[in-house]
Amino acid sequence: MTQERGFDKVITSDSLRKILELEYKQGYSDKAVIGGLDKYLHKQAGKIRQSLVLSLNEVKTKELVQQLLSSFDALNLANSNYNSCDVSERKRWIIRLFDWLSKLEEVKQDTRTSPLLKGKETSLHERNKVRVTTVAKSYPQKKSESLDSSTTIIKGITPRVATKFAKLNVRTIHDLLYFFPRRYVDYSQRKPISELKEGEEQTIVATIWQARIATFGNRQGTEAIVGDETGNIRVVWFNQPYLAKKFPTNAKVVIGGTVSLFKGQKVFESPEWELLENKELIHTGRLVPLYPLTQGLYPRQVRKWTKEAIDGWAWQVSDFLPLEIKNHCQLLDLPEAIAQIHYPDDHLIAERAKERLAFDELFLLQLGVLARKRDWQESQPGNAFNIDQEVIDTFLHCLPFTLTRAQERVLEEILADLKQPRAMSRLLQGEVGSGKTVIATLALLMAVANGYQGALMAPTEVLAEQHFSNICDYLSKASAHPQPSKGRWLGGHPFCREEETGNIRCYTGFLSRPLTIALLIGSLKDSVKEDLHRKIKQGEIDIVIGTHALIQKEVEFYQLGLAVTDEQQRFGVLQRSALRQKGFNPHILVMTATPIPRTMALTLYGDLDLSVIDELPPGRQEVKTRFLEPQYTEKAYSFLRRQVSNGKQAFIICPLIEESEILEAKAATTEYEYLSREIFPDLKLGLLHGRMPPGDKEKVMRRFREGMLDILVSTSVVEVGIDIPNATVMLVEGAERFGLSQLHQFRGRVGRDKEQAYCLLIPSCHCERSEATTPEARDRLQLMEKTHDGFALAEKDLELRGPGEFFGTHQSGLPDLKIAKLSNLHLLELARQEAIALFQSDSNLEKPEHRLLRQQLSQVWSKSTEWS
């Protein structure tokens, strides 16, 4: 007994663990104990240390206790400053304390038999906790088959069941280990039957007094009467008469579920159950995992199979994360994290397991994009441009406006890249109307001035035509003399000519030779496209602006030096790469008007350097934004009519239907017909939706741009690319269904001229459960009235709704994320910092300690060549 004396004086891990768990559940608010955690720990620190010192003389494993003492001193509990820390610092500090408690428990186990396994009766939760910890750390049923084995090697997973798992992308044992629960049901809180409360999830341990087949309505089920020392309760399972045979009289059973009232008596209806045997509980008495399912897979089966996979194979999972990073970030070992994400001991360890696995995903993602950037820039030399300042000054001098400070800063960053012998890879972010196109034009001019060709790829023909028109407008103002040749003069461009094909223009005056610019889009006649292909290949075209037509195999450049991609998120990585491969490692500039928080942009587009135009041109009026309740829709229509009568144009956006593009198109068509017939019969309306053939879309958008339509009724496809200076009203119906960033994009489609523009946000009024009735929806729409900063709205959107489709990974060519959220900016930044530090010290992961990490990276980025 003397062996236990010192440890008996150490504060019990269970009591401190409860305090830490309570602090976690209260959001690290420092309210778990009266007076705060600092005061409590300051009192206990001395007693704990003294007890540890005493135990040094009492136990045989002095080295373990000495390590425990050293790590305790490092915690510095006597001088803790928890109260002054922010939430993230509090969380990390509690994790460190929780780690120390786990080590204390391990030393206790090594020095004596656990008191939970002998002597006095202990609670179910305590016994279960010991079992969970033991299983998670020892894996008693180790299997020799590899992690790549089919799931069918697990008893009960037949080929037919495996087919159902395959629908969830689970085919191997490794897949099953990484098949994470979507949430947990907390059945860890055991209660006596007499203390059960209606409507709460609770767990009891009871004796089965009776179990029989019973009839409920017209169907059979099972009814059981169970009891403990405080009382009895009725338990029923509907449509499961076979369960009656599974409940022997006088057997101990654990039941977890929600208690309801039936004729004034408490009853469990179809709860989870488990016979209390000498094995770990997986369906009750703990945090019980709930997995994504498909037809033919059932919760109890899936839990049984995942538990067998964890016990048998989790030990085989190689922990690829370098020890230094794991220690620095205070992350769990990978096998333990996998075990605990499926069957956690408590909420805190579940959070830690999730943090480790999410960090892995983000860390590998960051390493991959850093490698991609290195590969693009260093695999072959780039084309260093000489910066002709005279060309730049001439061009800027002829513009009817001066660049903003933000535009000047971004231009300097781009020109500095172009001078380098390695290819530029840069993302240019800027609000709609912030002046990205003029910066891109200057970059394209530098390419031409150095004897190279430039290309600009846009996602739609209308957007490509807009860029062509705008860039030609800039160049016409900068040209000094027309270039005489056959063709006809453009009335609006006195210093340019347009060839008979109508898609090639030539300018002189600020370069030493004429500059030729062309538009290449899919709707051109084949003969025209073939002529363009020939001229591009022979170097007769200096700048080509177009759509996906630019990356067709028929297009060959004479010497492509700069490739610009507009609306970055609309193109997949393969499409951008295809444009890049049209030249010998050309400089790359991609542009987007979608505001993305910096840390997220550096992740999604981490292979690109980041430039931001965070300033609008002077004199640009803010779009007046108003949130209107549905009953004021008629007034909104009247306001829109007045604007049209004054010669202006307007957009009406139809509600988003996330479930189906077909239903959305149908709803837009119905709305268009209603508005044309009932509200604006005397006006010219157009319809635009995602199910229309591309040619029809382009035709409608072109008619609207040319002023042939007064109002464009559209779904969210209008979000990107339409520049209509004459449009002054954006009316969004069902506004609560869109994210803040998307609403901001809609708003950016109007107010492109100096006229005052308006954005009217009207929530749905014809659905039974409209979000507009919620305070949250109202707050979001009212935020649009007050905030015009797209980046601020993007941050808020992340907080309220998560990353959304623009921030997904499929279009970016990045690995899928199973558990990490890009909206977790703290973890995202931590993973990025660690990836950059590792990349700087061992960019090719050639050190022996990085061998496993290299293998993992190769698997995750299977489509990438730099790690293979």
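Q: Is Asn 169 buried, exposed or partly exposed?
A: Exposed means over 50% relative accessible area, and buried means under 20%. In this predicted model, Asn 169 sits in the loop between helix H7 (159–166) and helix H8 (173–177). Its phi is positive, about 60°, although Asn 169 is not a glycine. At 53% relative accessibility, Asn 169 counts as exposed.

Q: How does Asn 239 count by relative accessibility?
A: Asn 239 lies in the loop between strand S4 (231–238) and strand S5 (252–262). Phi of this non-glycine residue is positive, near 60°. The relative accessibility is 46%, so Asn 239 counts as partly exposed.

Q: Where in the chain is confidence highest?
A: The chain averages a pLDDT of 80, and 82% of the residues score at least 70. Confidence is lowest in strand S11 (residues 488–490), at a mean of 36. The highest value, 95, belongs to helix H14 (residues 405–418).

Q: How many contacts does the model have for residues 766–772 beyond four places in sequence?
A: Where pLDDT is low, predicted coordinates should not be read in detail. Over residues 766–772 the pLDDT stays under 50. The contacts beyond four places in sequence number 11.

Q: What distance separates the end C-alpha atoms of helix H16?
A: Helix H16 (residues 461–478) has 18 residues. Of these, 14 are buried, so H16 is largely enclosed by the rest of the structure. At 1.5 Å a residue, the helix should span 26 Å. The end C-alpha atoms agree with that, being apart by 26 Å.

Q: What kind of pair do the rings of Phe 639 and Tyr 758 form?
A: The whole structure has 15 aromatic pairs. In this one, the ring centres are 4.9 Å apart and the planes are at 85°. Phe 639 is in helix H20 (residues 633–645) and Tyr 758 in strand S24 (residues 758–762), 119 residues apart. An angle over 60 degrees counts as edge-to-face, so the pair of Phe 639 and Tyr 758 is edge-to-face.

Q: At what angle are the ring planes of Phe 738 and Phe 746?
A: Phe 738 is buried, with a relative accessible area of 0%. Phe 746 is buried too, at 0%. Their ring centres are 5.1 Å apart. The pair is edge-to-face because the planes are at 90°.

Q: Which ring does Lys 307 lie over?
A: A charge counts as over a ring within 6 Å of the ring centre and within 35 degrees of the normal. Lys 307 is at 5.8 Å from the ring centre. The ring it lies over is that of Tyr 343.

Key
Residues numbered from 1 in each chain as written. Predicted model: local features only at pLDDT ≥ 70, side-chain atom pairs only at ≥ 80, totals over all residues. Heavy atoms only, no water. pLDDT = per-residue confidence, 0-100. Helix = DSSP H or I, 4+ residues; strand = E, 2+ residues; numbered from the N terminus. Contact = heavy atoms within 4.5 Å. Expected span 1.5 Å × (residues − 1). Buried < 20%, exposed > 50% of the residue type's maximum accessible area, 1.4 Å probe, protein only. Phe/Tyr/Trp six-rings, centres within 6.5 Å; stacked < 30°, edge-to-face > 60°.
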